[in-house]
Amino acid sequence: MFEALGFLAIKLGVIPSDFSYAGLKDKKAITYQAMVVRKVTPERLKNIEKEIEKKRMNVFNIRSVDDSLRLGQLKGNHFDIIIRNLRSQINDSANLRERILEAIENVKNKGFVNYYGPQRFGMGRKVHTDQIGLALLKSKMVEAIKLFLTPEDLDDPVNRAKKYFLQTEDAKGTLSLMPEFKVRERALLESLHRFGMTEEGCIQAWFSFPHSMRIFYVHAYSSKIWNEAVSYRLATYGSRVVEGDLVCLDEDIDEHFPNSKVHLVTEEEESADTYAIHQVVLPVLGYNIQYPKNKVGQWYQEVLSRDGLQTCRFKVPTLKLNVPGCYRQILKHPRNVSYQLMEEHDTDVKTEGSHIDEATLSLLISFDLDASCYATVCLREIMKHDF
């Protein structure tokens with residue numbers, strides 16, 4: 001998505017931060033989303049349609065609007081997904097079709113744990129986006145840049161360029177090695193070449209990213225802690241709603257509801273089973289949240305201490321980042337679920353002159369999820385399989 005924005009910005013003669021959007025889209029998918037770009041007329045956009053089609057992009061429904069978009073300003077996402085080559089788990093004697101339908105109905109009725117999905121943290125093995133976010137929260141700007149430019153154990157042009165940078169800190173030389181399509185890396189390196197690899201130079205380099213990208217790394221750290229917190233909460237108390245839990249009193253909730261909508265469960269309410277597990281929320285780290293008043297709240301404090309954030313105010317003034325935090329439901333349900341099992345026939349030439357026609361089962365599944373919920377997490381619960 002950021003490469004697409006970088007390309008569009010060049011073609012339109014604007015900068016990436018002139019674009020605004022309500023959410024980030026997956027890298028490996030055919031995705032659609034509304035965007036707003038400042039300082040560009042609808043005619044100008046229409047003029048580059050042919051050029052952007054070469055990059056496998058389309059822009060449609062072009063019109064003038066009054067306001068920019070902001071992150072989180074969406075109700076949710078619709079997904080159409082095909083899962084091919086379905087097989088039973090080892091040692092599962094149940095009929096495959098029955099098992100698939102049972103798994104889907106289960107998630108429809110009971111929901112799934114609302115983890116942030118793996119794409120929130122990047123698919124790299126060496127460095128994840130949450131580590132960069134933690135370095136930014138601790139105002140370790142040079143360390144954050146080095147983490148961003150840490151190579152994977154792969155011998156390709158991108159990782160060779162990153163390796164060269166970590167060995168030499170030669171931004172100009174690295175720029176000549178970094179492929180053109182790596183828009184973010186190149187923007188960062190151009191800035192480092194101009195301002196130097198000092199603390200101040202690295203602050204300037206982070207400003208080569210739009211605000212949504214800078215805050216993305218901090219959010220990735222908060223998301224990782226939330227995932228750990230929900231695992232701890234469920235391991236400690238299971239699906240009972242206990243004293244000290246936080247529940248949301250509003251039925252129609254997104255992540256950004258105010259503290260006034262959050263209620264601390266009392267001992268009497270625990271005894272009376274006043275609330276259900278789907279009403280329980282956990283805080284996503286920030287300066288404007290309250291913590292549960294039970295073992296989970298203690299756990300949060302221990303984690304902040306572990307990561308050196310006991311005094312963190314979740315503001316990084318040098319990068320103009322303010323992180324108020326929010327609350328996230330621990331369970332979610334997919335909506336408008338529909339599915340269809342299909343047999344796909346593969347003709348496999350086994351021996352000369354004889355064709356064996358083998359049918360494999362595929363599942364076409366469609367569903368809606370609220371904003372900031374992950375289809376990968378919902379699918380993992382259906383498939384009982386890690387991605």
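Predicted model: local features only at pLDDT ≥ 70, side-chain atom pairs only at ≥ 80, totals over all residues.
View 1. Cys 326 takes part in none, and its nearest cysteine sulfur, that of Cys 373, lies 12 Å away. Cys 326 counts as buried, at 9% relative accessibility.

**View 2. Cys 378 and Cys 373.** For Cys 378, the closest cysteine sulfur belongs to Cys 373. The two sulfurs are 9.1 Å apart, which is too far for a bond. A disulfide needs the pair of sulfur atoms within 2.5 Å. Cys 378 is buried, with a relative accessible area of 1%.

**View 3. The second largest pocket.** Two elements each give two or more residues to its lining: helix 4 (96-110) and helix 14 (375-383). Helix 4 supplies the largest share, six residues.

**View 4. Lining residues of the second largest pocket.** The lining comprises 19 residues. Nearest the pocket centre lie Arg 87, Gln 89, Ile 382, Met 383 and Lys 384. By class, the lining splits into eight nonpolar, five polar and six charged residues.

**View 5. Confidence along the chain.** Mean pLDDT for the chain is 90. A pLDDT of 70 or more is reached by 94% of the residues. Over residues 347-352, pLDDT stays under 50. For residues 347-352 the model has eight contacts beyond four places in sequence.

Conventions: Residues numbered from 1 in each chain as written. Heavy atoms only, no water. pLDDT = per-residue confidence, 0-100. Contact = heavy atoms within 4.5 Å. Buried < 20%, exposed > 50% of the residue type's maximum accessible area, 1.4 Å probe, protein only. 1 Å grid on protein atoms, 1.4 Å probe; cavity = no way out; pocket = protein on both sides within 12 Å on 5 of 7 lines; lining within 4 Å. Helix = DSSP H or I, 4+ residues; strand = E, 2+ residues; numbered from the N terminus. Nonpolar A, V, L, I, M, F, W, Y, C, P; charged D, E, K, R; others polar.
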